[in-house]
Amino acid sequence: MRLGVIDVGSNTVHLLVVDAHPGAQPLPASKHKIDLRLSEHVTDDGRIADEGRDRLAQFVEECTRVAEDQGVEDVRAFVTSAIREAPNGEEVLAHVRERTGVPLDVLSGEDEARLTFLAARRWFGWSAGTLLVADIGGGSLELAQGIDEDPDVAVSLPLGAGRVTRDLLDGDPPSTDTVREARRRVRAAIAAELRPLAKAGAPDRAVGTSKTMRSLARICGAAPSGEGMYASRELPLDALSARLPEIARMTAAQRADLPGVSVSRARQLLAGAIVAEATMDLLGLDRLEICPWALREGIILRHLDRMS
């Protein structure tokens, strides 16, 4: 049967359609993406504004129509930090369900970290040994480490690229002092949560997932998307640190001209670079291997496991 997964993130709404067979790899039959940028529809008190709520409902409706056209029998929809942490999150979920008939499951930060870890484990296999996985989303940073399919440590921090941009990086481009303060606060937040990861020991393989990580790897010399998902890609810390001051001086329009950077995510690139560099530096990682599978694939893999 065909399974449709609707992923409501801080930046986009994705629909991934897969042919769901137990034991099979979750290779997509089709994809559909809509730029939403929920983080731009958040009021000063953290609430999702009515415009953002209504656009979300409209986009979920659109995804369900596309899924029906693709012959999808089962649709699973989930939301992450963008709605999970909003004071009116439950009201937004109720509005979307009433208008579309689609219930949106709320994943906790730990759920995100564990499911993303599962996807990376299946991609790299058991021979990868102890994995450390870092995922920078729009609203949060997830870190997970372990030897099995379920990580021994799973941590979620409110350091997504969209959130850090909105809260800490005002200006286009932001001032030198603003960037320095953002870097200080990001590093302090990560350092405060390092103990569980430090106790887990050094990983055999360190992995980065998400569009932000792929964009950063691309501007640091990784293979373009045209070479396919199986091309080996990595994000070296020294290359990222060398590019970061240049990125900080650029406007969003200038960043959008960089290879692998979309217009919709250009403004968040600096925040992503600050978070990625801090994560790698504080964890003692000289590079991250880029995994093309992330949270959506983790959810599909878990669903296939349950089917079998």
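Rings of Phe, Tyr and Trp (for Trp, the six-membered ring) pair if their centres lie within 6.5 Å. The exercises below use a predicted model.

**Exercise 1. Which residues do ring pairs link into a cluster, and how is each pair arranged?**

Step 1. Find the pairs. The structure holds two aromatic pairs.

Step 2. Take Trp123 and Tyr230. Their centres are 5.4 Å apart, with 15° between the planes. Planes under 30 degrees apart count as stacked, so this pair is stacked.

Step 3. Trp123 sits in helix α4, and Tyr230 in the loop between α8 (211-219) and β10 (234-236). They are 107 residues apart.

Step 4. Take Trp123 and Trp293. The ring centres lie 5.1 Å apart and the planes meet at 65°. Over 60 degrees counts as edge-to-face, so that is the name for this pair.

Step 5. Join the pairs. Trp123, Tyr230 and Trp293 form a cluster linked by ring pairs.

**Exercise 2. How do helices α4 and α12 pack?**

Step 1. Read the geometry. Helix α4 (residues 109-124) and helix α12 (residues 295-307) pack at about 80°, with axes 7 Å apart.

Step 2. Name the arrangement. Angles of 65 to 115 degrees count as roughly perpendicular, so α4 is roughly perpendicular to α12.

Step 3. Look at the contact. Residues of α4 that take part include Leu115, Leu118 and Arg122. Among those of α12 are Ile299, Leu301 and Asp305.

Step 4. Classify the contact residues. Six are nonpolar, two polar and five charged.

**Exercise 3. What is the strand order of the six-stranded open sheet, and which strands are at its edges?**

Step 1. The order is β8-β7-β6-β9-β11-β10, with mixed pairing.

Step 2. β8 (153-157) and β10 are the edge strands; each pairs on one side only.

Step 3. From one strand to the next, it averages 20°.

Step 4. Inspect one pairing. Strands β6 (residues 131-136) and β9 (residues 205-209) run parallel and are joined by five bridges.

Conventions: Residues are numbered from 1 along each chain as its sequence is written. This is a predicted model: local features need pLDDT of at least 70, side-chain atom pairs count only at pLDDT 80 or more; totals for chains, interfaces and linings use all residues. Side-chain values use heavy atoms; hydrogens and water are left out. Axes are lines fitted to C-alpha atoms, for helices over the stretch in contact, and angles run from 0 to 180 degrees between N-to-C directions. Helices (H or I, at least four residues) and strands (E, at least two) are DSSP runs, numbered from the N terminus. Angles under 35 degrees count as roughly parallel, over 145 as roughly antiparallel, 65 to 115 as roughly perpendicular and the rest as oblique. Contact means heavy atoms within 4.5 Å. Ala, Val, Leu, Ile, Met, Phe, Trp, Tyr, Cys and Pro count as nonpolar, Asp, Glu, Lys and Arg as charged, and the others, Gly among them, as polar. Two strands pair if DSSP finds at least two bridges between them.
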